[in-house]
Amino acid sequence: MTFEQVANFIRDDVASAVGQGDGTIDVPDASLFPDPTEGEYHLVLWNQDEHPLPSSDPDVEIVAVTDRDTSADTLTVTRGMEGTDDVAHAETSVVQLSPTAALLQTTILREAAPGDTAAEGELAVSADNDLLLAQPAED
């Protein structure tokens, strides 16, 4: 699955607590988020009041947005993506459209094959998991 939806500075509070197993997240304004009919995307969900950065929240979760209802201000999600757990989140939590490993692996990076050549400026991953950026050929 390719996650094509990206946008800058997309972040909102949750409108109510998110229970474990909930398939929707209520937000104050669902229209802030991209329309998933144009391509699904992942959001990072964490308790901002207790943990200013998502990386500091042991219950941080990545969710995939599969639908958006702008009249009800809800996001339909698949929970516990990218190795995170489907856990409850307090009403002080936020959701943010942030780059995740899946976005990088499916949209930006590609596996470099032996003898493969990349176009100038293209990113690739080597067999040793090094990030490569193709440079212009030297004359």
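Colleague: How many helices and strands does the secondary structure of the chain come to?

Modeller: The chain comes to 1 helix and 8 strands. Helices (H or I, at least four residues) and strands (E, at least two) are DSSP runs, numbered from the N terminus. Along the sequence they follow the pattern β-β-β-β-β-β-α-β-β. This is a predicted model, in which local features need pLDDT of at least 70 and side-chain atom pairs count only at pLDDT 80 or more, while totals for chains, interfaces and linings use all residues. Residues are numbered from 1 along each chain as its sequence is written, and side-chain values use heavy atoms, with hydrogens and water left out.

Colleague: What makes E1 and E2 edge strands?

Modeller: Two strands pair if DSSP finds at least two bridges between them. The open sheet of 6 strands has the order E1-E6-E3-E4-E5-E2, with antiparallel pairing. Strand E1 (11–13) and strand E2 (24–26) each have a single partner strand, so one side of each is left without a neighbour in the sheet. From one strand to the next, the twist averages 35°; axes here are lines fitted to C-alpha atoms, for helices over the stretch in contact, and angles run from 0 to 180 degrees between N-to-C directions.

Colleague: How do you know that E2 and E5 pair?

Modeller: They share 3 bridges in the antiparallel sense, and the criterion asks for at least two. Within this pairing, Ile25 stands opposite Leu75 in E5. E4 and E5 have 6 antiparallel bridges, and the bridge partner of Ala64 is Thr78 in E5. E4 and E5 also form a hairpin with 4 residues between them, where Asp73 in the turn has a positive phi of about 55°.

Colleague: Why is Thr74 called buried, whereas Val60 is called partly exposed?

Modeller: Buried means under 20% relative accessible area, exposed over 50%, and partly exposed in between (1.4 Å probe, protein chains only). Thr74, in strand E5, has a relative accessible area of 15% and is therefore buried. Val60, in the loop between E3 and E4, has 23% relative accessibility, so Val60 counts as partly exposed. Buried residues make up 33% of the 139 residues in the chain.

Colleague: What does Val60 touch, not counting residues up to four places away in sequence?

Modeller: With contact meaning heavy atoms within 4.5 Å, Val60 touches Val44, Leu45, Trp46, Pro54 and Thr84. Val60 and Val44 are 16 residues apart in sequence and 7.1 Å apart in space, C-alpha to C-alpha. For the chain, residues 24 or more positions apart account for 54% of the contacts with a separation of 6 or more.

Colleague: Which residues touch the most other members of the largest nonpolar core?

Modeller: A nonpolar core is a set of buried Ala, Val, Leu, Ile, Met, Phe, Trp, Tyr and Cys residues joined through side-chain atoms within 4.5 Å. Of the 16 residues in the largest one, Ile25, Val27, Phe33, Leu43, Leu75 and Val95 touch the most other members. Strand E3 (41–47), strand E4 (61–69) and strand E5 (74–81) each give two or more residues to this core, and the largest share, 3 residues, comes from E3. Beyond its neighbours within four places in sequence, Ile25 is in contact with residues including Val14, Val18, Leu45 and Val63.
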